Number of protein chains: 2
Amino acid sequence: MKREKVSTAVIRRLPRYYRNLEELSQAGTVRISSKALSASMGITASQIRQDLSCFGEFGLQGYGYNVENLRREIGEILGVGRGHRAILLGAGNLGRALMENFRFDRCGFSLEAAFDTDPALIGTELAGVQVLDVAELETYLAAHGADVAVLTVPGPAAQALARRLAQAGVGGVWNFTNMELDVPGPTAVENVHFADSLLTLSYMISKG
Amino acid sequence: MKREKVSTAVIRRLPRYYRNLEELSQAGTVRISSKALSASMGITASQIRQDLSCFGEFGLQGYGYNVENLRREIGEILGVGRGHRAILLGAGNLGRALMENFRFDRCGFSLEAAFDTDPALIGTELAGVQVLDVAELETYLAAHGADVAVLTVPGPAAQALARRLAQAGVGGVWNFTNMELDVPGPTAVENVHFADSLLTLSYMISKG
C-alpha cells in the first residue's frame with residue numbers, strides 16, 4: 001500500500017467511497033466499473049481511477065472493482081475495524097440528536113459515555129449511554145480512556161474542554177462548536193462547520 | 001469576474017475563506033498577506049493565491065489582500081446578501097439545535113418557519129420561529145415561498161418531502177438525513193454527512 005503518497009484531497013474523498021461501497025455491498029453488488037461508481041458518486045471516472053490507484057491495484061481492466069475487497073481495504077485505511085471508543089461532551093439538543101440518530105457503529109466507533117454539567121441529566125441514560133458529570137472527565141479517562149471526544153458543548157466551554165481532553169490523552173476531537181480549537185500535541189481536530197455547507201448551497205442557488 | 005473557470009474544489013473552499021475573512025474583519029484586520037491567511041486557514045499560500053486568482057485581482061504584490069473587499073466579493077459570489085429565506089422541516093433534536101444555535105443570518109439566510117407532524121409542537125414557537133403543520137407546506141410555500149429547506153426529519157420521511165419541496169419550487173435542500181435524495185429539476189441538494197467527517201477523524205487518529 002502506497003499510503004504516504006495520498007493527498008489530503010483524496011483522504012477527504014475516501015469516506016464517500018467507503019459509504020458508497022458499503023451501500024453497494026449491502027445491496028448485493030459484487031463488482032462495479034469506475035464508470036458506474038462515477039454515476040453514483042458524482043466524481044468523474046478518471047478521478048476515481050486516479051484516486052484509487054494511490055492505494056494499489058484494486059481495479060482490473062474490463063472487470064472493474066470488487067466491491068467488498070475495495071470496501072474492506074478503504075475501511076482499513078480509514079481505521080474502521082480498530083474498535084475506536086468515543087465519548088460525547090454536551091448532551092444538549094445536538095448531542096442528543098447524535099446520540100439518538102447517528103450510527104457510530106457504522107463508522108467503527110462505540111459511544112461509551114456522555115458528559116454534561118446539568119444535574120438533571122447527570123446519572124440518567126440517553127439512548128443507552130450513561131450521562132456523567134463533566135467534573136469526572138479525567139477520572140473516567142484515567143480508568144477507561146477514549147479515542148475520540150464528540151464536542152457538542154456551548155462555544156464558550158469548548159476550548160478549555162479540548163485542552164483537558166488532549167491532556168488526558170484523547171486522540172481526536174470531533175468539534176461541532178463553531179470555535180477554532182487550539183489543541184496541543186498529537187490530538188487531532190476535525191471540525192464540522194455547518195456554515196460552510198449552507199454557504200455552498202447558497203452558491204448553488206445563487207448562480208442562475 | 002471569471003466565474004465560469006471556478007472548479008468545484010475552489011467553490012468548496014470559498015466558504016472557509018469567507019468565514020476566516022469575516023473573523024479577520026470583525027477583529028479589525030484591514031489587510032492580510034497570503035502567507036498570514038495561509039497560517040490561519042491551513043491552506044498553502046500558493047494555493048490561496050491560485051484560488052483567489054480565479055476571481056480577478058484582489059491581491060497586490062507586497063500589500064496582500066484587503067480583508068473587507070475580499071470578504072465582500074466572496075460573499076457576493078456565495079450569494080450572501082441576497083436575502084435568502086429558509087424553512088426547516090423536522091423540529092426534533094437536530095432541528096431544534098439548528099434553530100437555537102445556528103446563526104442563519106451570518107450566512108445571509110433568515111429562518112422563517114418550521115414544520116413538524118407532532119401536534120404538541122404545531123402552533124408553538126421555537127427560538128422565535130413558528131412551528132406549522134407539515135400538511136400546510138404547499139399552502140405556506142404558495143403564499144410565502146422559500147429559497148432553501150433545511151431537512152432534519154427522520155430518514156424514511158426525507159425523499160417524499162424533498163420531492164414536495166422541489167415541486168413547490170424551493171431552490172435548495174440542505175439535507176441532514178443520511179438519505180441520498182433523488183430530487184427533480186433545478187432544485188439543488190447539499191448533503192451534510194456526519195459519517196464522512198467522523199471517518200476522516202478516524203483516519204487521522206489511525207495513521208500512527
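**View 1. A:Ala149 and its surroundings.** With 26 C-beta neighbours inside 10 Å, A:Ala149 counts as buried, because a residue is called buried once 20 or more other C-beta atoms lie within 10 Å of its own. This is a predicted model, so please read each view with that in mind. A:Ala149 belongs to strand β8 of chain A, which covers residues 148-151. Which residues is A:Ala149 in contact with, leaving aside its neighbours within four places in sequence? They are A:Ile87, A:Leu89, A:Leu165, A:Val170 and A:Val173.

View 2. Most residues other than glycine have a negative phi.

View 3. Now turn to chain B, where B:Ala127 sits in the loop between β6 (125-126) and β7 (129-133). What is the phi of B:Ala127? The angle is about 50°, positive although B:Ala127 is not a glycine. With 14 other C-beta atoms within 10 Å, B:Ala127 is partly exposed.

**View 4. Where chain B meets chain A.** In this view, 44 residues of chain B are in contact with 44 residues of chain A. Several elements of chain B give two or more residues to the side that touches chain A, among them the helices α1 (8-26), α4 (67-78) and α5 (93-101) and the strands β9 (172-175) and β10 (188-191). Which element gives the most to this side of chain B? That is α8(B), with 13 residues. Sorted by class, the side of chain B that touches chain A has 23 nonpolar, eleven polar and ten charged residues.

**View 5. The two domains of chain A.** Stepping back, we can follow chain A through domain 1 (3-78) and domain 2 (84-195). How many Å separate the centres of domain 1 of chain A and domain 2 of chain A? Taken over C-alpha atoms, the separation is 31 Å.

How values were computed: Residues are numbered from 1 along each chain as its sequence is written. Chains are lettered from A and ligands numbered from 1 in the order in which they are written. This is a predicted model: local features need pLDDT of at least 70, side-chain atom pairs count only at pLDDT 80 or more; totals for chains, interfaces and linings use all residues. Domain bounds come from an automatic or database domain assignment. Two residues are in contact if their C-beta atoms, placed from the backbone, lie within 7 Å. Helices (H or I, at least four residues) and strands (E, at least two) are DSSP runs, numbered from the N terminus. Ala, Val, Leu, Ile, Met, Phe, Trp, Tyr, Cys and Pro count as nonpolar, Asp, Glu, Lys and Arg as charged, and the others, Gly among them, as polar. A residue is buried if 20 or more other C-beta atoms lie within 10 Å of its own, exposed if 12 or fewer, and partly exposed in between; C-beta atoms are placed from the backbone.
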